[in-house]
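Here is a briefing on one protein model. Look over the sequence and the coordinates, then read the points by topic.

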Amino acid sequence: HEFFNVKPEEALEIFKQVATVLDDAAIDLLGVCDATLWHWARSGYLVPVKLGRRVFYRRTDIQRLLNR
């Protein structure tokens with residue numbers, strides 16, 4: 001699994017789900033390093049969303065991992 005780019009018309013819907021959970025925030029929330037996020041993205045365990053140059057994660061995905 002790789003990053004996927006989002007069309008502008010889809011961006012608002014993504015933001016509703018994402019709620020600006022950026023790379024650094026995900027690292028802090030999950031207590032992992034950036035290499036772990038990269039490995040999780042590659043394996044499909046935590047799929048990032050790329051909007052322009054910024055990388056986000058869906059809030060629901062972060063919450064799912066925190067509840068484990």
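In this predicted model, 3 strands form an open sheet in the order S1-S3-S2, with antiparallel pairing. Two strands pair if DSSP finds at least two bridges between them. Strands (E, at least two residues) and helices (H or I, at least four) are DSSP runs, numbered from the N terminus. The edge strands are S1 (21-22) and S2 (49-51), and each pairs on one side only.

**Ground rules**

- Residues are numbered from 1 along each chain as its sequence is written, and side-chain values use heavy atoms, with hydrogens and water left out.
- The model is predicted, so to speak of local features takes a pLDDT of at least 70, side-chain atom pairs count only at pLDDT 80 or more, and totals for chains, interfaces and linings use all residues.

**Sheet pairing**

- S1 and S3 are joined by 2 bridges in the antiparallel sense.
- Valine 21 has tyrosine 57 in S3 as its bridge partner.
- Leucine 22 stands opposite phenylalanine 56, also in S3.
- S2 and S3 pair over 3 bridges, again antiparallel.
- Leucine 51 is bridged to arginine 54 in S3.
- The S2 and S3 strands form a hairpin with 2 residues between them. Glycine 52 in that turn has a positive phi of about 65 degrees.

- Phenylalanine 56 is found in strand S3. At 2% relative accessibility, phenylalanine 56 counts as buried; the term means under 20% relative accessible area, with exposed over 50% and partly exposed in between (1.4 Å probe, protein chains only).
- The C-alpha atoms of phenylalanine 56 and valine 21 are 5.5 Å apart, although 35 residues separate them along the chain.
- Between the C-alpha atoms of tyrosine 57 and valine 47 the separation is 7.0 Å, at 10 residues along the chain.

**Nonpolar core**

- Which residues make up the largest nonpolar core? The 11 residues are Val21, Ala26, Ile27, Leu30, Val32, Leu37, Leu46, Val55, Tyr57, Ile62 and Leu65.
- Helix H2 (23-30), strand S3 (54-57) and helix H4 (59-66) each supply at least two residues of this core. H2 gives the largest share, 3 residues.
- A nonpolar core is a set of buried Ala, Val, Leu, Ile, Met, Phe, Trp, Tyr and Cys residues joined through side-chain atoms within 4.5 Å.
- In soluble globular proteins, nonpolar side chains tend to be buried together.
- Leucine 65 is in contact (heavy atoms within 4.5 Å) with Leu30, Trp40, Tyr45 and Leu46, leaving aside neighbours within four places in sequence.

**A buried charge**

- Aspartate 61 sits in helix H4.
- Is aspartate 61 buried or exposed? Aspartate 61 is buried, yet has no salt bridge.
- A salt bridge needs a side-chain nitrogen of Lys or Arg within 4 Å of a carboxyl oxygen of Asp or Glu. Arginine 64 is the nearest side chain of opposite charge, 4.3 Å away.
- Lys and Arg count as positive, Asp and Glu as negative; His and the chain ends are not counted.
- Not counting residues up to four places away in sequence, aspartate 61 touches Leu46 and Val47.

**Whole chain and confidence**

- The protein has 4 helices and 3 strands. From the N terminus on, the elements run α-β-α-α-β-β-α.
- Of its 68 residues, 32% count as buried.
- Among contacts between residues at least 6 apart in sequence, 63% join residues at least 24 apart.
- The average pLDDT (the predictor's confidence in each residue, from 0 to 100) is 79, and 74% of the residues score at least 70.
- Confidence is highest in helix H3 (residues 34-43), at a mean of 92, and lowest in helix H1 (residues 8-18), at 65.
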